[in-house]
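Hello,

Here is the model we discussed. Please look through it alongside the notes below.

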Amino acid sequence: MNAKKVLVAGATGYLGQYLVKELKRRGFWVRILIRREAQKQLFTKVDDIFVGEITRPKTLNGITQNIDWVISSVGITRQKDGLTYMDVDYQGNANLLNEALKDQVEAFQYISAINGDQLRQLKIFEAKERFVDELTNAAIQQSIIRPNGYFSDMKDFLTMAKGGRVYLFGDGKQQLNPIHGADLAEFCVDKMIAGSPEESVGGPDILSQNQLASIALQAWSKPIKIYHLPDWIRKSIIWSLRTFTSSKTYGPIEFFLTAMAKDNIAQTYGTHHLNEFFKEEVNKEKA
């Protein structure tokens, strides 16, 4: 059994659940942070469960006691419970970092997103990168992981394709290499062990948006119908959302529409392929 004791924050999320499995597979002692007692039933193979609210510092007292490493994938995509990106992505992680520093934890790994440091003008990244700054300046070994889009994020294409057509902005030639949660968890643990300070990573397949749309349509056995919309429409949507809605509404859409306008390619890693993931998701829905 590995001697290191690891705290996983964000354990109930898409990546968090894979992180817990990967750490246990390698023999680490694992403590998880959950918000509610009812979430305990999601985990049967962890060593310790800590119930607390990352946005309420008083509930975190003792969370990093006897912990060697902290891995946090805490963040919100769609705001809820009245919490903002600053409340969770920044302040919540800062609260956790304060506990880690107090207990002299050896290392802290934070999962941000690809090109976040170049997109600080977006509400989601404003909060994430503020925490990255704080972590970088803290007296602790840090590991910052910047994954490309998750496979789970690509399900929006699959949902669109179910209707028989996919709409893209521009010519659809922009490329990305999204990554499966299991592959990303393996990468994160590898980099934590190696002490790597910062890495960007994506999946094994670099795909254009046109290819991604085709794969989604093929998963539903639909003919390839892809419609390309003028890019000014994308810009108009972002402007309208910023002008007439709150960050709670426009934050995730602003991020998605901005990311879709450029290439997002990171080092390739992993063994899971998006076409297989899409087929599995379609089979689940048909079952």
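I215 is buried, at a relative accessible area of 16%; buried means under 20%, exposed over 50%, and partly exposed in between (1.4 Å probe, protein chains only). Helix α6 (residues 209–219) holds I215. Helices (H or I, at least four residues) and strands (E, at least two) are DSSP runs numbered from the N terminus. V8 sits 207 residues from I215 along the chain, and their C-alpha atoms are 33 Å apart.

This is a predicted model: local features need pLDDT of at least 70, side-chain atom pairs need 80 or more, and totals for chains, interfaces and linings use all residues. Numbering runs from 1 along each chain as its sequence is written, and side-chain values use heavy atoms, without hydrogens or water.

On the surface, M160, Y167 and Y227 make a nonpolar patch with about 260 Å² of accessible area together. Patch residues have over 30% relative accessible area and no salt bridge, and nonpolar side chains are joined within 5 Å. Areas are Shrake-Rupley, with a 1.4 Å probe. A salt bridge puts a Lys or Arg side-chain nitrogen within 4 Å of an Asp or Glu carboxyl oxygen. Y227 belongs to strand β11 (residues 226–229). Y227 is partly exposed, at 35%.

There is 1 cavity of 30 Å³ or more. The largest cavity has a volume of about 30 Å³. On a 1 Å grid, a cavity is where a 1.4 Å probe fits but cannot get out; lining residues have an atom within 4 Å of a point. The lining is F151, P178, P204, D205, L207, H272, H273 and L274. The lining divides into 5 nonpolar, 2 polar and 1 charged.

Best wishes

Definitions and conventions. 1 Å grid on protein atoms, 1.4 Å probe; cavity = no way out; pocket = protein on both sides within 12 Å on 5 of 7 lines; lining within 4 Å. Points joined across faces, edges and corners; volume = space filled by probe spheres on them. Nonpolar A, V, L, I, M, F, W, Y, C, P; charged D, E, K, R; others polar. Patch = residues over 30% accessible without salt bridge, like charges linked within 9 Å, V, L, I, M, F, W, Y side chains within 5 Å.
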